[in-house]
Amino acid sequence: MTGASPPAIELTDVHYSYPDGHNALRGVSLWVEAGERVAVLGPNGAGKSTLCLQLNGILEPTRGSVSVCGIAVGKKHLKEIRKRVGVVFQDPDDMLFMPTVAQDIAFGPSNLGLSEKDIHARVEGALSAVGLAGMGARSPHHLSYGQKKKAATAAVLSMEPEILVLDEPSASLDPRARREFGGILAGLSQTIVMVTHDLPYAHEICERSVVIDGGRIAADGPTSDILGDAGLLAAHDLELPHGYVMDHH
Amino acid sequence: MGSGHHGGGVEAVAAGDSPMHRLDPRAKIVGLIGLVIVAVSLPPGAWTAFASILAILVGLVIIARLRPPYVLRRMTIEIPFLIAAAMLPFTVEDGLALGAAVGLKVTIGVLAMVILSSTTPFPRLLRGFELLKAPRLITVIVAFMWRYLHVLGEEVSRMKRAREARGYSANWLWQATSTGPLIATLFIRSLERGERVYLAMASRGYEGSMPTMAAERMAIRTRDLAFLSTFAIALASIRILLP
C-alpha cells in the first residue's frame, strides 16, 4: 500500500456485543476512501448506531479491528482518533452542553490544546460554515431545533475532522431545516458516514450506500442502485416514501 | 414544577440594557456580595444602616430600569424566610428586633441577587465567577444545571401534556399520586441523557478537565472601577458610621 494514502475508514470483521450479551455487530467489514460519502441504511436495531460509535473508539470491537486514516482505533490513539473523526449525535441537546453556542463550539478545539486566537478563528469559521454566523452568544435553548442541529455540527466541524459521522441527521427536522442541513452537508469536503433511514436524504447526499441488517452488511454499492432494488429494500424493511421517483444524478 | 423553563422572565430582563447591565459582571459580583456581607454583619438595631443599604439597592433597581412588579415577583422566593423571621417575636427574647433584622437581611440578600441576575446574562455571570477564581467544579456544575434545567423543563411539560391528552385531570390528590411516577421517569431519562452527553463530550476530546468558558473577552473599564469604589466608600461609611 506504499504511495497510496490509507483509506479513511477500514473495518475488518468487526464484532461487537453489548455488556448485556446483545450481539449488535456480527462481522462487519467496510472500506471507505477519503472523500467518499457513505450512507449506512438499515431498520431500527440493525446495528447502525453501534457502528457509528466504533468509528471514534467510544465502543471497541469485541473481535476484529477498526482503523481510521491508517491509525488503529484503540485506547492508545484515542486523542488522535477523536481529532480526526467528528460524531454528530442524533439529539443536539446531548451535544450542546455549554452555556452559549460559541463556548460549545470552542469545547473541542480547547481540548485539542489550541491557542485562544486559533480557537476564536475556528469558532467563527464553524459558525459561518453552518450558516449561524453572529449567533455564537446565544444560549442553545434559544435556538430552533434545526439551528441546534447546525450548532451541534459546527461544534464538531470546529475540530476540523477528516471524517464526519452523523447519526440520523434528518430526524425531527422540518422540511426546510432538512433541506438546509442537507445543503450544508453536501458542501463539506470531509469524508461522510451517515446513518439514516431517510432514503431520499441518503440519495441526495451520499453516492454510496451500505445496507446493514442483523449486525451484518447486506449490500454495498452506489446509492441509486441500492434504492432502485425494490426486492433488496423490502428484504431489509427499508421503504422509499410513497410516490418517490428515483432520479439518477 | 413545570414553569421552570419559562424562566424566560429573568433571561429576557437580563438581556436588556442599562448602565447596570453594561458593568463588568465581576464588578457587580464583588460589589453586591460585598453589600450583602456588610448587611449580614450589621447588629439588630442598626436601622439607619439597613435603610441606607436598602436605599442603595432601590437606587440600583432604578438605574437598572427593572420594573417593580417584576422585582417583587422575583422576590417571592424569600417568603418562607420572612415567615420564619416573623415567628421570632413569639419565641425568643427581644424577638421583635431580631426578627426585623433577620427579615431585613434576607430581603437585602435576595434583592441584591435579583439585581445581579436580572442585569447579567447567565453565561456572563458564570464567566465572571470563573474569572474571580471561583472553584471550577462549582462553575461547571452550575453551568450544566442551568443548561439542562431548560431541557428537563421541556421534557416535564411534554410529559404533563401527554398525561392530560389521555384524560388526566389535575385534581390535587391525583396529582400527588401520579407525580411520583413522573419524577421517576424523569430521573431515568436524565440518567440516560447524562450518559449520552458524556459520550458526546468524550467524542470531542474531553479527558476529564473542562476548558474555561472562554470565547468572550471581558475587560474592567473605568466605569467598573468607579462603580466599585463608590460602592466600597458607601458600604464602609455605612458599616463604620451608622451602627
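Which loop of chain A does A:Ser172 lie in? A:Ser172 sits in the loop between strand 7 and helix 7 of chain A; helices here are DSSP runs of H or I with at least four residues, strands are runs of E with at least two, and both are numbered from the N terminus.

Okay, some housekeeping before I go on. This is a predicted model, where local features need pLDDT of at least 70 and side-chain atom pairs count only at pLDDT 80 or more, while totals for chains, interfaces and linings use all residues. Residues are numbered from 1 along each chain as its sequence is written, chains are lettered from A and ligands numbered from 1 in the order in which they are written, and side-chain values use heavy atoms, with hydrogens and water left out.

A:Ser172 isn't a glycine, yet its phi is positive, near 65°. A:Ser172 counts as exposed, at 59% relative accessibility. On that scale, buried means under 20% relative accessible area, exposed means over 50%, and partly exposed is in between, with a 1.4 Å probe and protein chains only. There's another residue like this to look at: A:Glu168, also not a glycine, has a positive phi of about 50°. You'll find A:Glu168 in the loop between strand 7 (163–167) and helix 7 (175–186) of chain A. A:Glu168 counts as buried, though, because its relative accessibility is 8%.

Now, the interface. Chain B puts in 29 residues and chain A puts in 30, where contact means heavy atoms within 4.5 Å. The area buried between them is about 2700 Å², and carbon and sulfur atoms give 58% of that. Buried area, by the way, is the accessible area (1.4 Å probe) that two parts lose on being put together, summed over both. In chain B, the residues that lose the most area to chain A are B:Arg147, B:Ser203 and B:Arg204, together 30% of what that side buries.

What about polar links? There are 15 residue pairs in polar contact between chain B and chain A, both residues at pLDDT 80 or more. That term means a pair of N or O atoms within 3.5 Å; within protein, one must be able to donate a hydrogen and the other to accept it, and residues adjacent in sequence count only if both atoms are side-chain atoms. On the chain B side, helix 8 (122–131), helix 9 (136–165) and helix 10 (172–203) each supply at least two of the residues that touch chain A. Helix 10 has the largest share, 8 residues. The rule also finds 6 salt bridges across this interface, each being a side-chain nitrogen of Lys or Arg within 4 Å of a carboxyl oxygen of Asp or Glu.

So let's zoom in on B:Arg204. Which residue does B:Arg204 form a salt bridge with? The partner is A:Asp104, with the closest N and O atoms 2.8 Å apart. A polar atom of the B:Arg204 side chain also lies 2.6 Å from the backbone oxygen of A:Met95. The residues that B:Arg204 touches include A:Phe97, A:Phe107 and A:Val156. B:Arg204 is in the loop between helix 10 and helix 11 (222–241) of chain B, and it counts as buried, at 1% relative accessibility.

A:Cys52 is buried, with a relative accessible area of 4%.

Methods. Lists of a residue's contacts leave out its neighbours within four places in sequence.
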